[in-house]
Amino acid sequence: MTPEPPGAASRDLLCVRGLHTQFLSDRGLVHAVNGVSFSVRRGETLALVGESGCGKTATMLSVLRLLPPHRARVEADEVSFKGQNLLGLDDEEMRRVRGPEIGMIFQDPRASLNPVLTIGRQLTESLEVHLRLGRRAARDRAIELLESVGIPRPASRFDDYPHQFSGGMCQRVMIAIALACEPSLLIADEPTTALDATIQAQILNLVAELRATREMAMI
Ligand SMILES: Nc1ncnc2c1ncn2[C@@H]1O[C@H](COP(=O)(O)OP(=O)(O)OP(=O)(O)O)[C@@H](O)[C@H]1O
Ligand SMILES: [Mg+2]
């Protein structure tokens, strides 16, 4: 048996212990998540598996603090990311974690894109702010990213708005945006279910490459 390398404990990227989530609905309290615990290390992939309605999405939304406080009650013994207690952060601090640190891909792509910004701008904005790229470099990288998620002729589609893209294309743009910041953790909730097999394979390749080169972890 190989001994644990020094500092192995700090290799935990995300640690969740005893997570409980309840929804306050018209039908009363819904216990969606009951005492879930898991942790993910750098470069590791974790799969959450379970029947429909068992609480997978609710678990991830709770961790990301994306559930409206007046509709959901989230309690946990621990939710920490890089040793930082996420439950103790204010909204502004949490916004600096979501995106640049923890990338997210959810199923509804149109809801996540800004309808009044071009596809290109939505990508370059992240690249300029989070990776501190200049205009030109951000544009080049954005086109590369669009290409890697299977958008044909990305340079000519750069100035299109989301309504000019199909649902599947919007989904791929969302994936490109999530990967643009090179987050250390990617949370993907059935991101490729709606896409065809070729594009699915292409996106999984891109994710595998980021895992290998950037030690990106994935749930
Ligand atoms: N906003 C909400 N208000 C009330 N109940 C909710 C809400 N969102 C989810 N639930 C309930 O919480 C439970 C867990 O739902 P969740 O969406 O996490 O399931 P899931 O495992 O992601 O399912 P699927 O595989 O179908 O995506 C379900 O019983 C669901 O009905
Ligand atoms: Mg779900």
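Predicted model: local features only at pLDDT ≥ 70, side-chain atom pairs only at ≥ 80, totals over all residues.
Okay, let's start with the fold. This protein has 8 helices and 8 strands.

Some overall numbers. Along the principal axes, the C-alpha atoms fill a box of roughly 50 × 50 × 35 Å. Of the 219 residues, 32% count as buried. Now contacts. Taking those with a separation of 6 or more, 68% come from residues 24 or more positions apart.

Next, helix 7. This one runs over residues 167-180. At 1.5 Å a residue, its 14 residues should span 20 Å, and the end C-alpha atoms are 20 Å apart, so the two agree. Is helix 7 mostly covered or mostly exposed? Mostly covered: 12 of the 14 residues are buried. Among them are Met169, Cys170, Arg172, Ile175 and Leu179. After the helix comes Glu182, with a positive phi near 50°.

Now the ligand. Which residues are closest to ligand 1? They are Phe23, Ala32, Ser52, Thr57 and Ala58, out of 13 that surround ligand 1. Helix 1 gives the most, with 3 residues.

To recap: helix 7 is mostly covered, and helix 1 gives the most to the shell around ligand 1. Thanks.

How values were computed:
Residues numbered from 1 in each chain as written. Chains lettered and ligands numbered in written order. Helix = DSSP H or I, 4+ residues; strand = E, 2+ residues; numbered from the N terminus. Buried ≥ 20, exposed ≤ 12 C-beta atoms within 10 Å, placed from the backbone. Contact = placed C-beta atoms within 7 Å. Expected span 1.5 Å × (residues − 1). Near = placed C-beta within 6 Å.
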